[in-house]
Amino acid sequence: PAYGALANPKPPTLDQVADLLDRTEALVSVYTTPTATFVWFVGSGRGPALHVSPLAQADVRALVAKLRATLDVGDRPSPGSAPVDLASAHRLYQELLEPFASRLAGVSSLVVATNGDLATIPFAVLVSERPSAGEPAWLVRKHAVTHVSTVAAFAALRQVDRRATAAEAFAGFGDPVYRRGVVPPAPGAVRALVRAGPPSSRDAAFTDADYAQLPPLPETRDEI
């Protein structure tokens, strides 16, 4: 059932979404249409809200294209030569998030659910204040921004049981020394493979001699 809810989640109600958020989190869901853009806001203890922006799909597509043209440095012959389109970044903020400015006070983590053209840009680069000669007021300076595909997917992920704990404690050892005098290989170097024993002994417990044949694994010091 848990996998089915994750693979094919049902749309939750706004109250259900609010129950999944803590007091420092908020979620906005953006849906564009040919004539307008609908933005839903949900926050824990703040109550849901709806804003309808006059931005149509064509308007959103044009703003996103202008903004992406300055973000995709690989598409420019001289990366860094053109500044970020702050005007478009601020316009998108004005139309989509500014109506919720008072509700976003005290919110440190903002979850964004959208699709289409808006899903091709990170909301972190939106600008919350009118561009000036100073440092742009990047949205990410106020809120950590997370993108999700749908509100239903967000709810399904939050409802996954994370309380399961191991029955026994775990102890791990990174890059153990099984044999003295072995020169550690350089990181990334190809190491020898240890051939498995005959079928009759594969299930038997390793002996000290077996472990001594294992090559050093210096990368496991960080992996553990």
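Val 127 sits in the loop that runs between strands β4 (109-113) and β5 (144-148). Helices (H or I, at least four residues) and strands (E, at least two) are DSSP runs, numbered from the N terminus. The model is predicted: local features need pLDDT of at least 70, side-chain atom pairs count only at pLDDT 80 or more, and totals for chains, interfaces and linings use all residues. Residues are numbered from 1 along each chain as its sequence is written, and side-chain values use heavy atoms, with hydrogens and water left out.

Is Val 127 buried or exposed? Val 127 counts as buried because its relative accessibility is 1%. Buried means under 20% relative accessible area, exposed over 50%, partly exposed in between (1.4 Å probe, protein chains only).

Which residues does Val 127 touch? Leaving out residues up to four places away in sequence, its contacts are Leu 86, Ala 89, His 90, Tyr 93, Pro 136, Ala 137 and Trp 138. A contact means heavy atoms within 4.5 Å. Gln 94 is 33 residues from Val 127 in sequence, with 8.7 Å from C-alpha to C-alpha.

Now helix α5. It spans residues 151-158 and is mostly covered, with six of its eight residues buried. Those in α5 are Val 151, Ala 152, Ala 153, Phe 154, Ala 155 and Ala 156.

Next, the whole chain. The protein chain has seven helices and five strands, in the order α-α-β-β-β-α-α-β-β-α-α-α. Of its 224 residues, 32% count as buried. Among contacts with a separation of 6 or more, 63% join residues 24 or more positions apart.
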